[in-house]
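These are my notebook entries on one structure. I set down what I looked up, in the order in which I looked.

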Amino acid sequence: MTSGQFRPVPQILLELPPAEQQKLYDEAVVILRRLDWTDIAQLTALVMGNASLQQKLTAVLINYLSKELRAEIQYGE
């Protein structure tokens, strides 16, 4: 990423090439495959109701952004 160029995480994710999106997806699925869910609504409820899962998925995302894209993470208010 270019120094000083701020972009929101959703924008970064949408602009990733398909191969990079798949790589990030594969890392997240390692965590999610252990859950018993049938649709996205149920998966969302499971994740939103579990702080540990939220932390693990956030760590996957932060790790990917910082190591693969060399992005600096800034936390907003």
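Entry 1. Does R70 count as buried or exposed? I find R70 exposed, at 69% relative accessibility; the cut-offs I use are under 20% relative accessible area for buried, over 50% for exposed and partly exposed in between, with a 1.4 Å probe and protein chains only. R70 lies in the segment after α4. I also note that R70 is not a glycine, yet has a positive phi of about 55°. As background, most residues other than glycine have a negative phi.

Entry 2. I record the basis of these notes: the model is predicted, local features need pLDDT of at least 70, side-chain atom pairs count only at pLDDT 80 or more, and totals for chains, interfaces and linings use all residues. Residues are numbered from 1 along each chain as its sequence is written, and side-chain values use heavy atoms, with hydrogens and water left out.

Entry 3. I looked up the overall make-up. The protein chain has four helices and zero strands, where helices (H or I, at least four residues) and strands (E, at least two) are DSSP runs numbered from the N terminus. The order of elements from the N terminus is α-α-α-α. I find that the C-alpha trace spans about 40 × 30 × 20 Å along its principal axes. The chain has 77 residues, of which 19% are buried. Its accessible surface is about 6000 Å², and carbon and sulfur atoms account for 56% of this; the areas come from the Shrake-Rupley method with a 1.4 Å probe, and for residues only the protein chains shown count as cover. I then turned to contacts, meaning heavy atoms within 4.5 Å. Of those between residues at least 6 apart in sequence, 49% join residues at least 24 apart.

Entry 4. Which residues touch the most other members of the largest nonpolar core? I find V47, Y64, L65 and L69 in that position, in a core of 13 residues. A nonpolar core here is a set of buried Ala, Val, Leu, Ile, Met, Phe, Trp, Tyr and Cys residues joined through side-chain atoms within 4.5 Å. Helices α2 (18–32), α3 (40–48) and α4 (51–68) each supply at least two residues of this core. The largest share, four residues, comes from α4. In general, nonpolar side chains tend to be buried together in soluble globular proteins.

Entry 5. I checked α2. Its 15 residues should span 21 Å at 1.5 Å a residue, and its end C-alpha atoms are 20 Å apart, which agrees; the expected span is 1.5 Å times one less than the number of residues. The buried residues of α2 are L24, A28, V29, I31 and L32. Seen down the axis, the buried residues of α2 fall within an arc of 145°, so they line one face of the helix; the arc is that of the directions from the helix axis to the C-beta atoms. Their cover includes α1 (9–15), α3 and α4.

Entry 6. I repeated the check for α4. The 18 residues of α4 should span 26 Å at 1.5 Å a residue; the end C-alpha atoms are 25 Å apart, which agrees. L53, V60, Y64 and L65 are buried in α4. They cover an arc of only 120° around the axis, which puts them on the same side of α4. The face turned away from this buried side carries the exposed residues A51, Q55 and K67. What covers the buried residues of α4 includes α1, α2 and α3.

Entry 7. How many salt bridges does a search of the whole structure find? I find two, a salt bridge being a side-chain nitrogen of Lys or Arg within 4 Å of a carboxyl oxygen of Asp or Glu. One joins the side chains of R7 and E15, at 2.6 Å from N to O. R7 is partly exposed at 22% relative accessible area, and E15 is partly exposed at 44%. K23 forms a salt bridge with E68, with the closest N and O atoms 2.9 Å apart. This pair links distant parts of the chain, K23 in helix α2 and E68 in helix α4, 45 residues apart. K23 is partly exposed at 32% relative accessible area, and E68 is partly exposed at 40% relative accessibility.

Entry 8. L14 is exposed, with a relative accessible area of 71%. From L14 to V30 I note 16 residues in sequence and 21 Å in space, C-alpha to C-alpha.
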